[in-house]
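Please look through the sequence and the model below before reading my points. They concern side chains, taken one topic at a time.

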Amino acid sequence: MGIICSNTLSTPSSSMKSTTPSAGSGGGNYIHVIASGGAAPKDITIHEASDDIQNTNYPPIYESHFSKLLIPHTLLQERTAQIASHIHNTYDHNEALLIICVLKGSSPFFHLLLQELSGLCHPYMIDFIKVKSYEGLNSSGTVQVGTAGGGGLPKSIQGRHVLIIEDIIDTGLTLSALIPKIKEEKPKSVKVCSMLVKRLGEKEETTDKLDHVLGTNESSGGCAGIDWNLIGFSIPDIFVVGCGLDFNEMYRDLMDLYILGPIGIEGGGYGEDV
């Protein structure tokens, strides 16, 4: 049984020890933690998902809903600080970076990142876009794009460096619909910063998929691109909840990231996406 609504922040458990995956385990039950700011995808430390959720915090209605603790909040904070440092060292300090939050799931990670950037005194502007591509456990296959206020894309995109904040890159469907719309507004550049990337095969396959979606391969010739220094964690092909990620609107409130268990799936979530 977890600690319910306590004031103790979760920490990586002893069971999340470093390990080495076997050959061909790119889609296995691992999370890839980029070791330090500026590290390339090949320079990773690997941790197993933890069965120990006793030191985590969640409301009592979620008891027994999760099968594993994937990423504790303290580890997410640490990685977010590294990403913020990379942003600060990459973008001009004399020009405000336009940071766009993809609602709803990206909001907690977005605010964590903004806090870190503010601490570094990096100038930025913010805006919000609402995109939906998930229904229940699966990607719906279609993407709905709109602004939080219901209008068109913000005019501030034109002539600025734009950073899109995502919660998770899965099939790439959301970004493949969103990025062309942003490019139409003629920004200086477009990059994507995501808390998670889901591995749907070997690491090389995932990179190729993202390069195609974000426009970095020769056939697409776009200005957007995957910068692995702006990716928090690479995770297996599992359904994750917490820190903004939901199952039918449930579990967005969790500080830690969990693998959803059978009881959580059977519960079915609650509410409508409004």
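This is a predicted model: local features need pLDDT of at least 70, side-chain atom pairs count only at pLDDT 80 or more; totals for chains, interfaces and linings use all residues.

1. Tyr58 and Tyr258 are both buried. Why is this pair of rings called edge-to-face? Their planes stand at 85 degrees, with the ring centres 6.3 Å apart, and planes over 60 degrees apart count as edge-to-face. The two residues are 200 residues apart in the chain, since Tyr58 sits in the loop between strands S2 (44–48) and S3, while Tyr258 belongs to strand S11.

2. Phe110 and Phe128 also form an edge-to-face aromatic pair, with 5.5 Å from centre to centre and 70 degrees between the planes. This pair joins helix H2, which holds Phe110, to strand S5 (residues 124–135), which holds Phe128, and the two are 18 residues apart.

3. The whole structure contains eight aromatic pairs, and ring pairs also link Tyr58, Tyr62, Phe66, Tyr251 and Tyr258 into a cluster.

4. Turning to the nonpolar side chains, the largest core has 32 residues, and Ile71, Ile87 and Leu196 have the most contacts inside it. Among the elements that each supply at least two residues are helix H1 (73–90), strand S4 (97–103) and strand S8 (189–198), whereas H2 gives the most, with six residues.

5. Beyond its neighbours within four places in sequence, Ile87 is in contact with Leu97, Leu113, Leu117, His122, Leu163 and Leu230. A second, separate core has 18 residues, including Ile164, Ile169, Ile179 and Val190.

Technical notes: Residues are numbered from 1 along each chain as its sequence is written. Side-chain values use heavy atoms; hydrogens and water are left out. A nonpolar core is a set of buried Ala, Val, Leu, Ile, Met, Phe, Trp, Tyr and Cys residues joined through side-chain atoms within 4.5 Å. Buried means under 20% relative accessible area, exposed over 50%, partly exposed in between (1.4 Å probe, protein chains only). Helices (H or I, at least four residues) and strands (E, at least two) are DSSP runs, numbered from the N terminus. Contact means heavy atoms within 4.5 Å. Rings of Phe, Tyr and Trp (its six-membered ring) pair if their centres lie within 6.5 Å; planes under 30 degrees apart count as stacked, over 60 as edge-to-face and the rest as tilted.
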